[in-house]
Amino acid sequence: MLTIADRVTVLRRGRSMGTVPRSGATEQSLARMVVGRDVIFRVEKQSAKPAGPILTVEDLRVLDDRGLDAVRGATLTVRAGEIVALAGVDGNGQSELVQAITGIRPPVGGRIEVDGVDVTGRGVRAAGTAGIAHIAEDRHRIGLVLPFTLAENLALRRYRAAPLSRFGWLNPKAFFTLAKRLLGAFDVRGGDPGTPAAALSGGNQQKLCIAREIDSDPKLLVAHQPTRGLDVGAIEFVHSQLIEQRDAGKGVLLVSLESEEVRSLADRILVIYEGRIVAEFPPDASEEELGIAMTGGTVAAA
Amino acid sequence: MTTVTKQPPRVAAPTTKQIGIVAVVLAAIAWVLTLPPIMARTPVPSIVLGVTAAVIGVAVLRDSNHRRLGGVTVAIGLIAIPLAIAMTNQTSANVREVFTWSAVVASGLTFATPLIWAALGGIISERSGVVNVGLEGMMLVGCYFGIFGADVCSSWVLGMLIGMASGGLLGLLHAYFSIHLRANQVVSGVAINLLATGITGYLFVAHYGDNGTPGTLPQVPNVTLPVIDHITFLDDAVGRQTNLLTWVGLLLVPVVWWYLFRTRAGLRLRAIGEQPRAASTVGLKVVATRYGAVVTSGMLAALGGVYLSDGFDGSFNFDMTDGRGFIALAAVIFGKWNPFGALAATILFGFSTALAYRLQTFSQTLGTLFQALPYVLTLIAVAGLIGRSRPPAASGIPYVKE
Amino acid sequence: MKLPPSVSRTGRALLVPLTTVVIAFVVAGLVMGLTGTNPFKTYVSIFDGTGLNWLFPWVGGQTRTIASQDLQQTLVATAPLILTGLAVAFAFRAGLFNIGAQGQYTVGSVLAIWVGTSFTHMNPVLHIVASIVAAALIGGAWAALAGWLKAVVGTHEVISTIMLNWIAIWVATYLFQENGPLQGKQALGNPVSNTLPNNVHLPVFWGNPALQGLDVGIFIGLAAAVVFWAIMNRSTLGYEVRAVGHNPDAARGAGINVARNYVVTMAICGAFAGLASSVDVLGWQFQVSTADISGSQVGFLGIAVALLGRNTAIGTVAAALLFGALETGTAADNINASVINPELAPQLTLIIEGLVVLLVSTDLIAVRLLGLPRRLGLGRPEPGADLAQALEPDDAAAQAAAVEGFDAGPATTGL
């Protein structure tokens, strides 16, 4: 934006917040205009206090849609109270790994355990019951049912149980109550419980996904590219939510393609390359070290 | 550093797929043993082969990657057994009469022809990103206006052109609604079918009344091929009784394939059907191309209709397409939006329809039941061999320019 | 043309279908005018033929009696159309295109007549119920076969339901034909089933049973519409069906068993179509002939009814009433032969139906003529948008839909 535009106009909550010439704009100043206050690009967080393992993945093997090996023996652990970032170049098996952990795609080998419960290939519901929440890679495709109302979207994880339904029959009032509560708590703007999700902005759609997933009170939160395509305010929100979850003693597995996000959020960084976890780094690893590992280079892993 | 690499085995162990295919071939042999020209008069070899194929099929079934192949093998292996028993119980004269292959080919082509035309139309439309459920209606207007044109102009050529134009017009209507007005294409297609039934019925009653279309009309001729019409078998099968529109339709299959997959225009059409926005960004004319494709689709389907009325029947009757447009739609999906695939589907369908009619020789009562054969076979073939099929990505989605 | 702002929102919403129908009638009137038939007299004749003039208090005497009979006919024709319309609409909501209502109807009528003419010592009420239930079950099973094929091997339901239609039609023809296994004992050379005993008829509650008065089948249709609404909007099953219809990937991601959903959805559709056949068989046909089998269009018309009704329960009922009225109003024995050739009238019905469906395929009237905002294609059940994603086992269409933007509106399918 700053390299192309001559002038920049910022819109917030339907009103123009002012126009500035490019020469007078910096990333920081624009961010302030967009959000309405200063934005911290460097995420501030306490150091992690990890406890016992929440997620154990052993020698996992998963095929992709074409039946080819996508994950070829991945092994990793996520402990309670830490953010583990999975860094890697797109297409190195991240999607299939996440889909296997969250129960969407049955693995062909290996083992997935959540807090001691074996959920390998047991499906989405079993994974959810065991305590896995999933902020999906593509909110339009997997995360949301766009034509559904906000209330219906927020109910996607809970509609099977009381109070949202009893004996197979829905309770619209409970849908409404749930939606009111979550829309308020997560500051989702742009609609009421009856608004279709497609009418929201990308950031608010993502808040909707996060609200639903976090509200399921998971033990492990799998966040797959949670900030893709979002504006700075929304990115900040997502980041703070992930840290909040970590501080609440939950395990967070963050899959991201952006090394800055990885380095600023993670307590540990795992690098995935060609379907295997090839290296582990502390969060202060240099961009270069990460880059080499992500492209299959051999720097001694920390 | 010397490493000892394992020698690759001389003969690779056959894969499950290969085993399955061998079993399918065995089952196929079991099918034909009792039919002309072999005409075995005992079912035993067929039963042995059929059971063998079925047993192998069960083994194949256990490989979860080849469930479908296994299922098909078991099915056709087992069907071979009653088939062989039934054939050997019939008099050989009867069997020879039913399975006069040259006649089966001739009449199979007759049944396949209208479907080929409509299916080619369907492929072109859907490859451009417009679903065409209205094939049935476009065929039907072709039926009526083909006859009407031939009658009024006393010329089958003009009849053909008028029929084609009527299909093109209906295609234009579908195009206008689905492209310009961004209509739901399925809904618009269903409407086209209702409209065509009503319009042709209305005009038929208003123009021809109770007498129906005249008995003697200039019809699209059959073609007599030089040389071939003197070769046994081929003469009866394709030498003399094959309609001009059948030949042209068959020739169009490779032409449409070549157009779609080997020309720049075809590439553009497919790009527009897969990623219209991207195609538009590189300067392709999405709207114009889709209009062209849908109108062409209407004209092709209408020619299938012209064949039915002015080629084969020589008359028109209410709703005479009788669901053929939908069969063609099924052929498009069956063939995975590829002209040769669709041709295979229409041939399978046409030939089994022809056989079903001939099987009435065995039993008039059961003959009616045999009429279901083409549909059962198509269903088995689709379920067993084709499986999941992926339509052009943008098919059915109206294009909105940014 | 823009409406003055004083016209309320509901007023505008009601105007859309009304305008649609009016335009269709005007265009069809033009066709008539051009071919030398007086459209005004024809429409009056059709209207009187539907019996809807019974609703006018000033119509009295003999005319009123005839009108009541015609209205009974209209409603008798409406009942099965509601049910086949629901059979198609339910599938559309799940993103499936059920072209197979005709076949499901056909197998239903076979079982309805077989159960109804067998077990003659049964309690009549139980007998009627058994016959209806049997028709619904076989229809459901027949349709579930297509759902199962889609779920297990991915066979496109358009292919399987078309094939199953024809298989049903030929098998039923075989059963009732001359020397067929189910040909009636008294049929004497006619290709027709046994005839239902009088006590297995659906009770007629308005009009003369001998003159084919209105039987309770219409209530079966209306009750089914209520059930449709309740399942779709108030049950977890309906919630899942809609989720799968809009976005199967998201549904799968939420732990919904999409494959099972396809089977259950189709079974419910088939049950509706099976019910339709039992309403016809037990309500007024009382026997099934091979001509009934091959001549019936009620399942195919269900597609148009569902689409016109926008796949909602109330819309389907209204559309079925319109279609039922048109069919009755243009039936050869209801039409005034001095006004229009009785053979032309049914063709006119098809033209009007086609025009109506064509006009509802787009927002033309709502947006261009009435100045309503373009529908977003959201929240409302849009068959196309649902279809695109459901017909699309992979991701392409869903992605395309997301890319194409939401104003793409009501119109995507991946046939």
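**Briefing: helix, domains, interface and cores**

Helix α6 of chain B (residues 135–153) has 19 residues, which at 1.5 Å a residue should span 27 Å, and this agrees with the 26 Å between its end C-alpha atoms. The expected span is 1.5 Å times one less than the number of residues. Helices (H or I, at least four residues) and strands (E, at least two) are DSSP runs numbered from the N terminus.

This is a predicted model, in which local features need pLDDT of at least 70 and side-chain atom pairs count only at pLDDT 80 or more, while totals for chains, interfaces and linings use all residues. Residues are numbered from 1 along each chain as its sequence is written, and chains are lettered from A and ligands numbered from 1 in the order in which they are written.

**Helix α6 of chain B**
- α6(B) is largely enclosed by the rest of the structure, because 16 of its 19 residues are buried (20 or more other C-beta atoms within 10 Å of a residue's own, with C-beta atoms placed from the backbone; 12 or fewer is exposed, in between is partly exposed).
- B:Ser154 follows α6(B) and has a positive phi, near 50°.

**Chain A**
- Chain A contains 10 helices and 14 strands.
- Of its 302 residues, 47% count as buried.
- Of the contacts in chain A (C-beta atoms, placed from the backbone, within 7 Å) between residues at least 6 apart in sequence, 61% join residues at least 24 apart.
- Domain 1 of chain A covers 1–39 and domain 2 covers 53–294, with bounds from an automatic or database domain assignment.
- The C-alpha centres of these two domains of chain A are 31 Å apart.

**Where chain A meets chain C**
- 27 residues of chain A contact 23 residues of chain C.
- On the chain A side, α3 (124–130), α4 (139–143) and β10 (169–170) each supply at least two residues.
- α4(A) gives the largest share, 4 residues.
- The chain A side has 16 nonpolar, 7 polar and 4 charged residues (Ala, Val, Leu, Ile, Met, Phe, Trp, Tyr, Cys and Pro are nonpolar; Asp, Glu, Lys and Arg are charged; the others, Gly among them, are polar).

**Nonpolar cores**
- A nonpolar core is a set of buried Ala, Val, Leu, Ile, Met, Phe, Trp, Tyr and Cys residues joined through C-beta atoms within 7 Å.
- The largest core has 313 residues, and those with the most contacts inside it include A:Leu254, B:Ala331 and C:Leu275.
- Helix α3 of chain C (residues 61–93) provides the largest share of this core, 16 residues.
- Not counting residues up to four places away in sequence, C:Leu275 touches residues including C:Leu83, C:Ile132 and C:Ile220.
- A second, separate core of 24 residues includes B:Ile56, B:Val60, B:Leu69 and B:Val72.

Technical notes. Contact = placed C-beta atoms within 7 Å.
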